[in-house]
Amino acid sequence: TNTAWQPNAVLVSGTIGSATYSNGAYSNIDALNHVKLFATQDIIIGSQRFIGLVQPTSDAGIEIGKNTPTGVAATPAEQNRVLVTAGDLELSAANRVVSQNTAPTTDQSVGLFITGKTSPNLTLDPPQLVDLYGSFLDGSGAVVSSFSAGGGVKVAIVDAAGNPASPPPGAVYRFNSCAVDTNQCSAAAAVTSNLQQNTPTLTVSLNPGSGAPGGDDAQAGARAANDRNAGTTLLPIAPVEADELLFEPVVTGSGSEEIWRKRLPEPDKKPEAKP
């Protein structure tokens, strides 16, 4: 309670309060009503290994949602640990406030669990960098997590006396990789990028003058299959001989794949009478 004396850094490698997280749900919740941490420079919450990676890194080199610095993603032994369980959380530091995401993947968020249903959930005595991960309870008692929590967490920015303040120039505040009060989430962009990289894109290229319709038009000679505003040039289809025409279509995928057809009689012939 004596804010006249503050350590240079507060490093939390254990837990404050307690809760169990499993399969998207919290149980065994024992939350402190209010948790307030004060440091002159840094507050770092996570495993000792995580703290060792973050502490010597510059602010510009810290973005937990992008696994920066390299190795900050939770190891199997660190996964799903709830680091702080509190009704509300106040963090005061001049430099940085960072917590580990202990979830197995970047599209989930485990670490801080704020149980208070009133706002603000989080009070910041404005640091230069805030990069936190966790979940909170909304007014109805539902858990809000992942990227939804990033844009929905209620944050109050105050000065040392507790009066409303503005973040310092150039400050970066992220919760679950999302810029506070926005839906701009770097981890979400990374997930989308990975999906796009794992989904091949087919590109179709036709040479001008190749004989295809429109082939003499140089501007329409080559098109990509993913250009939705300009469809690919259609190739000519050879006419079908009369004796190759089929009727009585059969829908595939409805059971047996044994498909049969009857041929139409040729236009200038009549079926031969059987003796």
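Reader: Is A179 buried, partly exposed or exposed?

Author: A quick note before that: this is a predicted model, where local features need pLDDT of at least 70, side-chain atom pairs count only at pLDDT 80 or more, and totals for chains, interfaces and linings use all residues. Residues are numbered from 1 along each chain as its sequence is written, and side-chain values use heavy atoms, leaving out hydrogens and water. Now the general idea: buried means under 20% relative accessible area, exposed means over 50%, and partly exposed is in between, with a 1.4 Å probe and protein chains only. A179 has a relative accessible area of 25%, so partly exposed is the label here.

Reader: Which residues does A179 touch?

Author: A contact means heavy atoms within 4.5 Å. Not counting residues up to four places away in sequence, A179 touches G150, Y173, R174 and Q184. With G150, 29 residues apart along the chain, the C-alpha separation is 7.2 Å.

Reader: And where is A179 found?

Author: In strand β15. Strands (E, at least two residues) and helices (H or I, at least four) are DSSP runs, numbered from the N terminus.

Reader: What is the strand order in the open sheet?

Author: Two strands pair if DSSP finds at least two bridges between them. Here 6 strands line up as β1-β5-β7-β10-β14-β15, with mixed pairing. The edges are β1 (9-12) and β15 (178-179), each pairing on one side only. Strands β1 and β5 (residues 42-45) run parallel, joined by 4 bridges; V12, for instance, has I45 of β5 as its bridge partner.

Reader: How many salt bridges does a search of the whole structure find?

Author: The idea first: side chains of opposite charge can pair when their charged atoms come close. The cut-off is a side-chain nitrogen of Lys or Arg within 4 Å of a carboxyl oxygen of Asp or Glu. The search finds 5.

Reader: Which residues are linked in a network of salt bridges?

Author: D42, D59 and R96. The closest N and O atoms are 3.8 Å apart for D42 and R96. That pair links strand β5 to strand β7 (residues 96-99), 54 residues apart. For D59 and R96 the closest N and O atoms are 3.0 Å apart, with D59 in the loop between α1 (48-54) and β6 (84-92). R96 counts as buried at 5% relative accessibility and D42 at 9%, whereas D59 is partly exposed at 23%.

Reader: What about R174, which salt bridge is it in?

Author: R174 meets D131 at 3.0 Å, N to O. R174 lies in β14 (residues 172-175) and D131 in β10 (residues 129-132), so the pair ties together parts 43 residues apart in sequence. R174 counts as buried at 10% relative accessibility, and D131 counts as buried at 0%.
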